[in-house]
Amino acid sequence: MIKNIVVFFLFTVALVGAEVPRITLPPPGPSRYYIHVVNGLSKLGLLVHCQSKDDDLGYHRLLNHGDEYQWNFKVNFWGTTLYWCKLETPHASVSFESFWPETQHLWLRDRCKHGTVGTCIWTAKDDGIYLRNFLANVDELIHKWI
């Protein structure tokens, strides 16, 4: 009996003393995101239609250079919030995801983090759709017009 207790004690000490590998989780993202779609076209107006599975944000006409449409939201409890947009000019269009959940890669979160606020700025320019990269302080071409 005492032998079993000693073995159990030594086994417990060995488990407690063993190093447990640490899992590094990504830092938490902002709790609220602000999405902007900006008309950066030199001459044309822009028709914007954005939506999620549960929320159709409607059609918005951005007639002048610099006009913008924006909305904000909190990521849902399950972390599955997804928005996509279709942008159209009289001669071209493009559809793309404007916000998506990230669990392992932080590509979008890195670009849309502006201080402690999640801000994604998508700008329609003459050659395509750009996403503002706040860390690098540049607009990055992400999608070409179709």
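## Strand β1 and its partners

β1 pairs with strand β4 (residues 68-74) in the antiparallel sense, over seven bridges; two strands count as paired if DSSP finds at least two bridges between them. In this pairing, Tyr34 sits opposite Asn72 in β4. β1 also goes with strand β8 (residues 117-125): these two run parallel and are joined by seven bridges. Here Val38 is the residue that faces Thr123 in β8.

How much of β1 is buried? Strand β1 spans residues 32-39 and is mostly covered, with six of its eight residues buried. "Buried" is under 20% relative accessible area, "exposed" is over 50%, and "partly exposed" lies in between (1.4 Å probe, protein chains only). As a general point, side chains in a regular strand alternate between the two faces of the sheet.

## What kind of model this is

This is a predicted model, where local features need pLDDT of at least 70 and side-chain atom pairs count only at pLDDT 80 or more, while totals for chains, interfaces and linings use all residues. Residues are numbered from 1 along each chain as its sequence is written, and side-chain values use heavy atoms, with hydrogens and water left out.

## The chain as a whole

The chain has two helices and ten strands, and from the N terminus on they come in the order α-β-β-β-β-β-β-α-β-β-β-β. Both kinds of element are DSSP runs numbered from the N terminus: helices are H or I with at least four residues, strands are E with at least two.

Of the 146 residues in the chain, 34% are buried. Take the contacts (heavy atoms within 4.5 Å) with a separation of 6 or more: 52% of them are between residues 24 or more positions apart. The chain's accessible surface is about 9900 Å², and carbon and sulfur atoms hold 59% of that; the areas come from the Shrake-Rupley method with a 1.4 Å probe.

## The β2-β3 hairpin

Next up are β2 (residues 46-52) and β3 (residues 56-62), an antiparallel pair with five bridges. They make a hairpin, with three residues between the two strands. Gln51 has Asp56 of β3 opposite it.
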